Amino acid sequence: MNCRWTLRAAKGRWMVNISQQCSHGSIGLFVPPSPPLDPEKIRELQRFITLSKRLLVMTGAGISTESGIPDYRSEKVGLYARTDRKPIQHGDFLRSAPVRQRYWARNFVGWPRFSSLQPNPAHWALSNWERLGKLYWLVTQNVDALHTKAGSQRLTELHGCMHRVLCLNCGEQIPRGVLQERFEALNPTWSAEAHGLAPDGDVFLTEEQVRSFRVPSCRCGGPLKPDVVFFGDTVNPDKVDFVHRRVKEADSLLVVGSSLQVHPHCPREEAPNCNT
């Protein structure tokens with residue numbers, strides 16, 4: 001998949017040039033093949049929703065592919081099908097400044113496109129169900145903020161959100177857009193051409209491109225991390241307990257766009273041995 005874009009400084013402003021394959025008109029690149037809709041299954045889903053009084057919905061990466069964000073496991077178009085690259089590991093990020101530098105350089109380049117992506121009809125439908133009183137609670141594994149953009153409020157972001165950044169020392173949170181401005185100020189002449197797109201918004205860069213990228217620290221001097229659960233980390237137990245209570249209160253459960261291969265109590269890279 002020849003998806004690439006260039007981020008460079010020009011006359012004091014950062015410019016993003018996106019190839020045609022990555023344009024908003026080509027978001028179908030990340031949608032996996034699927035058979036035609038079965039009218040009877042559609043009617044079955046309609047009956048299920050109609051009879052539900054306290055519906056809890058859980059969503060995964062599959063709901064966002066039509067917004068232009070790839071998932072991990074889909075045949076032919078998921079990250080694992082397109083590349084042998086693996087997601088960043090929580091322990092590596094904590095231990096290694098070079099790993100954090102590489103992560104943030106890739107995320108810096110990918111952020112303008114990732115942050116501009118918009119909800120698709122599935123996100124809007126769930127938001128509308130909430131407004132109509134049909135949806136009791138929404139739990140998402142995604143970190144893309146698309147449910148929030150669609151207006152969902154009865155929402156738990158199980159793995160956090162890329163639109164927030166926190167300090168690993170003092171715990172202070174800042175918006176991701178504020179950090180983007182700091183990156184730009186620290187790297188006024190840095191530029192990079194990116195190839196490919198990962199599900200969490202970062203892109204693929206060479207080690208040579210990353211080497212000169214400068215990463216800011218928190219005001220306290222601590223390292224910064226996106227407010228998300230990386231592979232190898234676990235979800236906050238209080239958040240898991242909160243979701244368990246919402247599940248017990250619900251009378252029905254609908255899963256959208258998730259293979260349910262990762263148990264929330266387990267490190268994300270152990271998914272094959274820790275299934276739900």
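Colleague: Which residues of β3 are buried on one side, and which on the other?

Modeller: This is a predicted model, where local features need pLDDT of at least 70 and side-chain atom pairs count only at pLDDT 80 or more, while totals for chains, interfaces and linings use all residues. Residues are numbered from 1 along each chain as its sequence is written, and side-chain values use heavy atoms, leaving out hydrogens and water. Strands are DSSP runs (E, at least two residues), numbered from the N terminus, and buried means under 20% relative accessible area (1.4 Å probe, protein chains only). Both faces of β3 are covered, with Leu55, Val57 and Thr59 buried on one side, and on the other Leu56 and Met58.

Colleague: Now to the annotated site: is His159 buried or exposed?

Modeller: An unreviewed UniProt entry marks His159 as "active site"; such annotations may be inferred rather than shown by experiment. His159 sits in the loop between β5 (155–157) and β6 (160–167). Because its relative accessible area is 7%, His159 counts as buried.

Colleague: Which backbone oxygen does the side chain of His159 reach?

Modeller: A polar contact is a donor–acceptor pair of N or O atoms within 3.5 Å. At 3.0 Å, the His159 side chain reaches the backbone oxygen of Gln141.

Conventions. Helices (H or I, at least four residues) and strands (E, at least two) are DSSP runs, numbered from the N terminus. Buried means under 20% relative accessible area, exposed over 50%, partly exposed in between (1.4 Å probe, protein chains only).
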